[in-house]
Amino acid sequence: MKKLLRFFVYVKPCVKQLVWAIIFGALFGACSGFGMPVIFDKVLRQIFMDQSTTPHTVGYIIGVAMLLPTIFALRAIFGYLSGYLMTFSSLEVLRRMKKDIFKRIQSYPVAFFENFNSGDLLTRLTNDTASVQSILLSFSSEIFRQPLQVVGAVSFLLFLCFTKGQVVVLLIFFAAVPFCILPVQMIRKNMKRFAGKAQWGLSNMAQIFSENLDAVHEVRVFNLQDSQIKKFSEVNDSIKWYSLKMAKYELMQQPFMEFLAASMVSVTFVYAYFSGIDFPTFSSIGIALYFTIDPIKRIIRMSTDFIKTMPLVERISEILDYTSTVPEPENPVEIGRIRGELEFRDVNFAYKDRVVMKNANIVIPAGTSCALVGESGAGKSTFAKLAMRLYDPLSGSVKIDGIDLKDIRIKDFISNIGSVPQYPVLFNDTVYNNIAIAKENATKEEVYQAAELAYAHDFIKELDNGYDTLVGERGDRLSGGQKQRIALARVFLKNPPFIVLDEATSALDVNSEAFIQKAVDKLMHERTMLIIAHRFSTIRNVKKIIVFHDGEIVDFGTHDELIVRCQHYKHLYNQQLSKMGTK
Ligand SMILES: Nc1ncnc2c1ncn2[C@@H]1O[C@H](COP(=O)(O)OP(=O)(O)OP(=O)(O)O)[C@@H](O)[C@H]1O
Ligand SMILES: [Mg+2]
């Protein structure tokens with residue numbers, strides 16, 4: 001319950017509408033619970049049991065009969081207004097909740113995405129929020145409306161009790177209350193068990209589906225269709241199974257309540273016969289009982305919905321409560337454009353338990369291009385990620401221009417960095433827009449010039465619609481080399497003093513490779529640059545080389561220095577050469 005309360009911040013901005021919705025809801029409740037039995041009693045009494053000697057005029061009878069549609073009309077108007085305002089607030093709450101979650105996700109570091117997979121996040125953002133919103137709103141509206149209806153109906157019964165001495169009717173009603181509570185307890189216990197499981201199933205299914213879409217190629221070339229279908233079916237079946245289990249308990253409550261209501265009515269019949277109760281009193285009691293039972297039924301249904309929603313509330317809370325592993329500084333140091341001197345001092349780092357960076361110490365002077373070399377898994381990418389503050393070290397510090405990265409606002413630091421990942425991702429947009437994202441308000445000339453510097457201009461010109469060509473989802477309509485050149489154009493456009501480049505390991509076409517090399521050489525000029533090097537040509541052109549082995553920096557120097565003094569480098573270098581030879 002406490003967890004649900006936090007979501008009421010989303011309700012706050014539409015509190016006015018909500019209050020009106022509740023007021024109309026309360027009026028609706030009062031019309032139903034109290035108004036209807038009273039009117040029925042009045043109308044039936046006038047029509048069937050009037051003792052006066054002079055007959056009523058037609059107009060009077062019509063007037064009395066009209067009371068009935070009037071109360072129904074009032075009830076309908078209040079119900080409609082309350083329903084509309086509730087829906088309005090409900091949609092607003094959902095909009096705010098989604099926006100907040102999405103906004104928070106944007107601020108989370110890379111480490112967050114290692115804990116949650118994309119399908120799961122998607123389910124939380126769409127499905128879970130919708131369910132929480134619906135329970136939140138039905139809770140807000142029904143919490144006043146239904147109890148008021150019960151209060152109205154019970155007041156009517158009390159009124160009868162005092163004016164006509166019908167105490168027994170009240171007793172029948174109270175005797176039934178424990179019977180309402182018992183099934184709720186049983187249903188509650190059982191549903192709780194299955195609700196969470198069904199929800200995990202749904203999010204698992206979303207994950208399998210999204211993975212399947214990401215791996216369209218692999219599924220086809222490795223003939224994985226059958227195993228994918230099997231994996232999907234297992235989760236799909238389990239969802240059905242748990243939902244069915246839930247339904248089993250959920251569906252029990254309705255007939256049970258109806259049976260209870262019918263029993264109450266039959267007891268009232270027996271009582272009515274022996275006590276000589278008159279027809280109008282009897283029918284208005286019937287209506288009052290109906291309007292007592294019906295809201296109780298709804299309240300119970302709401303409480304079961306509530307149970308179903310609790311696991312979702314927890315799932316959303318997990319996202320909202322995530323504490324960033326890369327927090328913003330409390331007293332940030334203002335930086336403008338950095339010079340780019342990078343320093344690692346006694347840096348240790350582990351992804352989970354396994355230490356993958358041990359006691360790294362290095363100072364890279366501003367404007368130095370560095371190649372990071374080492375066998376696979378040696379820690380090159382980890383070093384680059386720490387330098388970009390995608391992660392914080394376990395101990396020690398990473399500094400830029402002598403300032404600890406933890407003391408710089410993340411946004412300020414990132415605005416100084418350019419990064420070309422191994423496999424750049426393009427947005428499903430035009431080539432032009434894909435380059436222009438690198439700089440706010442970039443002019444056309446700047447974008448074209450950046451593309452030229454990255455040797456992308458010529459191939460872009462040859463595309464069907466030139467710069468206006470749509471690149472397809474993730475840029476699938478372009479080749480690997482073309483995507484890399486667009487990523488390089490982004491860096492030229494941003495023109496940052498510090499660049500991290502992860503070279504593509506897969507072989508690019510010779511043409512692309514030569515162009516990319518030339519573009520990278522141009523970028524190196526006067527910039528601090530970390531290049532995770534997979535190619536001999538890159539190693540040859542950089543000023544310095546950092547040699548990694550098993551999570552440690554084993555040496556740092558120029559190629560000529562290292563080839564003489566570093567056995568490990570010599571080994572790696574010869575390996576590279578022989579690879580080149582076999583090509
Ligand atoms: N997100 C992660 N979670 C857990 N362990 C990781 C993660 N990323 C890397 N590792 C581990 O950290 C170690 C260093 O990985 P890193 O990616 O830095 O190697 P690398 O030198 O870049 O290798 P490669 O040349 O193959 O890219 C490896 O043993 C790897 O298994
Ligand atoms: Mg790597």
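**Close-up views of a predicted chain**

**View 1. The hairpin of strand 4 and strand 5.** Two residues lie between the strands of this hairpin, and D401 adopts a positive phi near 50°. The model is predicted: local features require pLDDT of at least 70 and side-chain atom pairs count only at pLDDT 80 or more, whereas totals for chains, interfaces and linings use all residues. Residues are numbered from 1 along each chain as its sequence is written, while chains are lettered from A and ligands numbered from 1 in the order in which they are written. Strand 4 (residues 395-400) and strand 5 run antiparallel and are joined by two bridges. I400 stands opposite I403, and K399 has D404 as its bridge partner. Helices (H or I, at least four residues) and strands (E, at least two) are DSSP runs numbered from the N terminus; two strands pair if DSSP finds at least two bridges between them.

View 2. Contact requires C-beta atoms, placed from the backbone, to lie within 7 Å. Strand 1 and strand 4 run antiparallel and are joined by five bridges, with N348 opposite S395.

**View 3. The shell around ligand 1.** The residues around the ligand (C-beta atom, placed from the backbone, within 6 Å of it) are E114, Y351, K352, V356, G374, S376, G377, A378, G379, K380, S381 and T382. Helix 10 (residues 380-387) contributes the most to this shell, with three residues. The shell comprises three nonpolar, six polar and three charged residues. Ala, Val, Leu, Ile, Met, Phe, Trp, Tyr, Cys and Pro count as nonpolar, Asp, Glu, Lys and Arg as charged, and the others, Gly among them, as polar.

**View 4. The setting of these views within the chain.** The chain contains 19 helices and ten strands. Its C-alpha trace spans about 125 × 55 × 45 Å along the principal axes. Of the contacts in the chain with a separation of 6 or more, 81% join residues 24 or more positions apart.

Technical notes. Contact = placed C-beta atoms within 7 Å.
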